[in-house]
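Thanks for making time this morning. I have one model to go through, and I will keep it short.

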Amino acid sequence: MSFKILFRAFLIVVVSSHCLVSFAHGGDHTHNTKKWYFQDSDAFVEADFVSSVNGIVSMRLKDQYVIVKYPLESFSMEDQLIIMERLALMEKFNQPSKVYIKSGINRTTELNKSKVWNSPLLLIILIVSIFNFYQFSYYRKTSIISTIGSLAFLIIIACSKDEATATSPMSSSDASTSTTNEDTTSDSSTTENNNSESTSESTNDASDSTVDTDTSSGGNLIDTIISHFNDFSGVTIKSDSEYFYINSYSWPEHGMGRGITSWQEQVPIPQNYTGDNSWTIPLNPEMSTTPLNTSEHLLKGALAVAVNGVPIFNVYNNRGVNAYLIGELDDWGGHFGRGDDYHYHLVPTHLESIVGKDNPLAYALDGYPVYGYTEETLDEGFGRYDSDGNYRYHAVNEAPYYIPVMKGVVTLDPASTAPEDQIYPQPVQNPVRSSSDFKGVNGAVVNGMSQTGTNAFSFEYTVSDVKYYVNYSWDENCNFTYTYVDENGNSSNLPTNGALAADSTENTETYNNVNFCKDVSLAGYTSSSDDSNVNDDSNSDTAYSATSTNSTFTLSSVAIDSNGSLLEAYKCEEKVDGVEKSIPIHWSNVPDGTNSLAISIHGFPKETETSYLTLWNIDPSVSEIPYGGANDGAWYIGPNKDGTKLSYSSPCSPSGATATYYMTIYALSSLPPSLPSDDSLTVDYSTLIQSFSEVTIIDQVVLEYIAD
């Protein structure tokens, strides 16, 4: 008899348990995975819909705990309606639950623990009650009450939902795949539990970073990152818990355009890469399991952003052609895009003269830093791990010169397709003129640009030995004016294609661009007559300098430390085809009446002076010679110290002996007629000095330094 009673009790428990499991199987495993298509494109993302907040749709990628975000309007109209319907249903039936993370308390854990202990206890009570009901008639009333009570409590526990977990399904290692266009200064302390898919979308105030990851240099991660951008004006960094944001105007503190031989009529204006339109870089980059080959992907948009706020694009342009080899790039590795923006296509290794060789020159959009050249062994992405186990990219001398493989996790713009896809999100440019009709100007060589007034510039190029100019400016109301002339002031037969309409009888165009225009200055520009003797000297804070005793004419170099010693990085330069990289030189406050500049570097390592650099016919509008740029300017160069190559010679003493060197800049009334109008091995320091007897030396500055 007792066996039958136990068997009956067992059957009741099994049936009850099955019912309880059926009741308990809620929405946690209900998926709404589908292919979500984007506007005017065959591109789609296969994912579960999670939520939509302020027009930003959050989705979890199929079979992954990776959250991606897109603007609602980027989806097809059909999928927008589906999203709106699901959002309406969730708002009607789902109550948002808050996540509390305070003093280490996890309420989800507490609730789960109560289930673990209470459920078995109630099951035991249920079995005992059923057993007593059949075994002892005296206790049947009590058994019925305990049985009903146990069943009721079990059903309540089984059907109850857990509170949202304090930890997002998207782990910190997945954070770099999450993208957003929301305001980075928002501050959220709650998450919505939609369809039981809990995701943490809280962000910290961008101006109050909470990132405290230690770095090898000490301090926290974001402070270290900010320090890498501190040498450049117009660049600011903000951050939240996942990203740092680079705000800039993409207006470098060096010249632009000089040296381009394949020019398509664009000239630059500053870009508003700030606020919601800033560059977004993950703070904690993650290695991708499927790295992107950049010769097959990412031919649009930037791959990295330099520490001066200028983006760096793929060296392969959107036609898949090496921009450097076809002459599209200037002496600094950049040019002007169809957005009227200035950007690089090479790693700006010339910035090492400012930041040093041990600091990054850029940050890739996957979050890893980009450094200059190295002798270390590099992987297929032109990268390596440093001594602290941190990954970094490097520049190399072979195509594609940097990042042939994007090693980190990035999100691709769903509206783009390979090879002209791009990393998402990216800032947008702000063009003034439509460039749809612009074409290459045959035979054009860009000489550079100069500033002629407040927000006024003259862009110069040469075709068949004739100089042409694009003179352009804008006012405080963002009214832009472009005027086209040749060196004689003529406005007809200009070598332009799309810049002027085919039927135009005018040489001036006007536009209005109310989206953005900003006061900017070009290096070396004299801003007004009131301060005509004060040129912009962007390197003055870090460069070793000397000033004339007769005026404010100043000569400086960031390659020389505050003690007047040449930095190690600029000694014993490697010869490439017999040519060495020249020392960076900067000058300011050129005196009135100067029509030609000359520069010499000489020293006395032996009994007679030796020429290390000789330059003449430098235009007074020029204010610097960048690192390695002595052979590239619109001036003439003499021989190296051996008299065999048209080049600079760097100090290099095998014995370690110290010698004194004299860098001198001469402001001349005119070019000495005896000097050749071309590069020449015959013009060394002595020849240059002798030629000055033919002209007036208006002023000169001698910068004395030592090197071994």
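Predicted model: local features only at pLDDT ≥ 70, side-chain atom pairs only at ≥ 80, totals over all residues.

The protein chain has 708 residues, and 48% of them are buried. Its secondary structure comes to 7 helices and 35 strands. As for contacts, take those in the chain with a separation of 6 or more: 63% of them are between residues 24 or more positions apart.

Now the sheet. Three strands make it up, in the order β7-β8-β9, and the sheet is open, with antiparallel pairing. Which strands stand at the edges? They are β7, residues 236-239, and β9, residues 279-282. Each has a single partner strand, so one side of each is left without a neighbour in the sheet. From one strand to the next, the twist averages 25°.

Look at the first pairing in that order. β7 pairs with β8, residues 243-247, in the antiparallel sense, over 4 bridges.

How much space lies in the largest pocket? About 1600 Å³. The pocket is lined by 40 residues, and the closest to its centre are T349, Y373, N397, K581 and Y627. What does the lining look like by class? It has 16 nonpolar, 10 polar and 14 charged residues.

That is what I have for today.

Technical notes: Residues numbered from 1 in each chain as written. Heavy atoms only, no water. Pairing = 2+ DSSP bridges. Helix = DSSP H or I, 4+ residues; strand = E, 2+ residues; numbered from the N terminus. Axes fitted to C-alpha atoms, helices over the stretch in contact; angles between N-to-C directions. 1 Å grid on protein atoms, 1.4 Å probe; cavity = no way out; pocket = protein on both sides within 12 Å on 5 of 7 lines; lining within 4 Å. Points joined across faces, edges and corners; volume = space filled by probe spheres on them. Nonpolar A, V, L, I, M, F, W, Y, C, P; charged D, E, K, R; others polar. Buried < 20%, exposed > 50% of the residue type's maximum accessible area, 1.4 Å probe, protein only. Contact = heavy atoms within 4.5 Å.
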